[in-house]
Amino acid sequence: MAAENLAVLKAEMQRAVAATTSDTTPLFRACLAYVRVAWEYPNHYRLEFGSDYVTKPSQVLVDAANDFTRHFNDLVVEAQRTGDLVADDPRDVGPMLWVLLHGLAMSNHLVSDKMCEPGTGYQVEDMQRVLALALRSLTPRQ
């Protein structure tokens, strides 16, 4: 199930990158898709990235995780090439971006004054604003 969920997450990110109907960057759209999927399917997201680590993952899960990681790294390198991310070592920038996205994905309970009650944290319409703020720290300074 975790391998299938990673494939869905990757497909949603790819679909977002391919959608050229907005004036945002491909990286922004991919990151937005990542957080959107995590917020829409929090239990699935926690299965892949939560603290319940699989001590002996199946080869299917290892392959899916490697495929997703390659896709994510490719996004980072392309965003660096286009100037949408700082041009530093992708092995440093990629994990920083992933930590940022993971934090946003898991953040809804942090901003809620009622912790686990649905609708008390960030809403879908908040995602663009919050993600734009978060990505500014990894954007090259002009």
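Visitor: What volume does the largest cavity have?
Guide: The largest cavity has a volume of about 40 Å³. A cavity here is a set of points, on a 1 Å grid over the protein atoms alone, where a 1.4 Å probe fits but cannot get out. Grid points are joined across faces, edges and corners, and the volume is the space filled by probe spheres set on the points.

Visitor: And how many cavities of 30 Å³ or more does the count come to?
Guide: The count comes to 1.

Visitor: Before I go on, what kind of model is it?
Guide: It's a predicted model, where local features need pLDDT of at least 70, side-chain atom pairs count only at pLDDT 80 or more, and totals for chains, interfaces and linings use all residues. Residues are numbered from 1 along each chain as its sequence is written, and side-chain values use heavy atoms, with hydrogens and water left out.

Visitor: Ok, back to the cavity. Which residues line it?
Guide: Leu32, Val35, Trp39, Leu104, Met127, Val130 and Leu131 line the largest cavity, where lining means having an atom within 4 Å of a point. The elements giving two or more residues to that lining are α2 and α7 (127-135).

Visitor: How many of the lining residues are nonpolar, polar or charged?
Guide: The lining has 7 nonpolar residues, no polar ones and no charged ones. In this scheme Ala, Val, Leu, Ile, Met, Phe, Trp, Tyr, Cys and Pro are nonpolar, Asp, Glu, Lys and Arg are charged, and the others, Gly among them, are polar.

Visitor: Let's zoom out. How many helices and strands does the chain have?
Guide: There are 7 helices and 0 strands.

Visitor: What percentage of the residues count as buried?
Guide: Of the 142 residues, 37% count as buried. Buried is under 20% relative accessible area, exposed is over 50%, and partly exposed is in between (1.4 Å probe, protein chains only).

Visitor: What about contacts, how far along the sequence do they reach?
Guide: Taking contacts between residues at least 6 apart in sequence, 66% join residues at least 24 apart. Contact means heavy atoms within 4.5 Å.

Visitor: Now α7. Which of its residues are buried?
Guide: Met127, Val130, Leu131, Ala134 and Leu135 are the buried residues of α7. They cover an arc of only 130 degrees around the axis, so they sit on the same side of α7. The arc is taken from the directions from the helix axis to the C-beta atoms.

Visitor: Why would residues three or four places apart point the same way?
Guide: Because an α-helix has 3.6 residues a turn.

Visitor: What does the buried side of α7 pack against, and which exposed residues are on the face turned away from it?
Guide: The buried residues of α7 pack against α2 and α5. Arg129 and Leu133 are the exposed residues on the face turned away.

Visitor: And α3, which residues are buried there?
Guide: In α3 (residues 42-49), Tyr45, Glu48 and Phe49 are buried. Down the axis of α3 its buried residues fall within an arc of 75 degrees, so they line one face of the helix. The buried residues of α3 pack against α1 (2-18), α2 (26-40), α4 (59-82) and α5 (90-105).

Visitor: Last one: how does glutamate 12 count, buried or exposed?
Guide: At 19% relative accessibility, glutamate 12 counts as buried. Glutamate 12 is also in helix α1, and touches Ala33, Arg36 and Val37, not counting residues up to four places away in sequence.

Conventions:
Helix = DSSP H or I, 4+ residues; strand = E, 2+ residues; numbered from the N terminus. 1 Å grid on protein atoms, 1.4 Å probe; cavity = no way out; pocket = protein on both sides within 12 Å on 5 of 7 lines; lining within 4 Å.
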